[in-house]
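Biologist: I would like to go through this model with you, term by term. Please set each value against its definition.

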Amino acid sequence: MDRPGGQNGPMAPVDVDLRIRRFNPDRDSRPHWQTYRVRAEPTDRVLDALHTVRWEQDGTLAFRRSCAHGVCGSDAMMINGANALACIELIRDAAGRRGGTITIEAIRGLPLIKDLVVDMEPFFAQYRSVLPYLVAGDDPGAHERRQSPDDRARFDDTTKCILCAACTTACPVFWGNSGYVGPAAIVNAHRFIFDSRDSGGRRRLDLLDDRSGAWRCRTAFSCTEACPRGIKVTAAIQEVKRAIVSDRL
Ligand code: SF4
Ligand code: FES
């Protein structure tokens, strides 16, 4: 039976301090921390608390979001030191059931524009560099490009990517070398390299067989831990490395 405030019962609202790393390029020479107290349900998302701040306390706070349901990938940020989507991270997980402090920062390794907003263009340029689209081979004529369930399963995991950049901006190699194409780009290359209908695999493998490509990965697993979609990012990178080698033999 549900008991109010118990394990299964409704939980009372809690006070949460959002400690946010802020930066206004028009005014600040460097980022600084600012704390806002909000009242929230433990089952609210961190994004709800950020909305409360922006709509009720400080309209200058800048952050991105769109779908609010873990689909668009626009609200990746560092929450308590780990990359996550603010729209799926619950207050009770980030602050505890009785409330507490949540630390929020922009994702690392991309140019900071304002508060929690970074310039995503370098990330998308790396994504575009791996030909993230189907390269059609022979014209199938009036027929479909058919694929067996087993062939479809070969790249199923990497189709789940929402381009949130949580993996790439959690990668210590990327922090030290922004020229590294990064986990997200390799995940999206994987999605087409292993698609039986695609003819661009060789070109993608050549692109990734490079100093800035897949060999930069040091299997730190930070990307896999950061992915909000549960994609086995490191395993996908390893499969691409093996394909590069086996394709050369
Ligand atoms: S692989 Fe995961 S963490 Fe990386 S961009 Fe795609 S969804 Fe985001
Ligand atoms: S707002 Fe779309 S994924 Fe969070």
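Biologist: In which helix is N188 found?

Modeller: N188 is found in helix α6, residues 183-193. A helix here is a DSSP run of H or I with at least four residues, a strand is a run of E with at least two, and both are numbered from the N terminus. The model is predicted, so local features need pLDDT of at least 70, side-chain atom pairs count only at pLDDT 80 or more, and totals for chains, interfaces and linings use all residues. Residues are numbered from 1 along each chain as its sequence is written, chains are lettered from A and ligands numbered from 1 in the order written, and side-chain values use heavy atoms, leaving out hydrogens and water.

Biologist: Why does N188 count as buried?

Modeller: Buried means under 20% relative accessible area, exposed over 50%, partly exposed in between, with a 1.4 Å probe and protein chains only. N188 has 9% relative accessibility, so N188 counts as buried.

Biologist: What does the side chain of N188 reach?

Modeller: The side chain reaches the backbone oxygen of A184 at 2.8 Å.

Biologist: Which residues is N188 in contact with, leaving aside neighbours within four places in sequence?

Modeller: Contact means heavy atoms within 4.5 Å. On that basis N188 is in contact with Y127, P132, C161 and L163.

Biologist: How do you know that the buried residues of α7 line one face?

Modeller: Helix α7, residues 201-208, has G201, R204, L205 and L208 as its buried residues. Seen down the axis of α7, they fall within an arc of 100°, so they line one face of the helix. The arc is that of the directions from the helix axis to the C-beta atoms.

Biologist: Now the sheet. What is its strand order?

Modeller: The order is β2-β1-β5-β3-β4, in an open sheet of five strands with mixed pairing.

Biologist: What makes β2 and β4 edge strands?

Modeller: Two strands pair if DSSP finds at least two bridges between them. β2 (32-40) and β4 (82-85) each have a single partner strand, so one side of each is left without a neighbour in the sheet.

Biologist: In which sense does β5 pair with β1, and in which with β3?

Modeller: β1 and β5 pair in the parallel sense over five bridges. D17 stands opposite T101 in β5. β3 (residues 76-79) and β5 (residues 100-105) pair in the antiparallel sense over two bridges. I79 stands opposite I104 in β5, and the bridge partner of M78 in β5 is E105.

Terms used: Polar contact = N/O pair within 3.5 Å; in protein donor to acceptor, adjacent residues only side chain to side chain.
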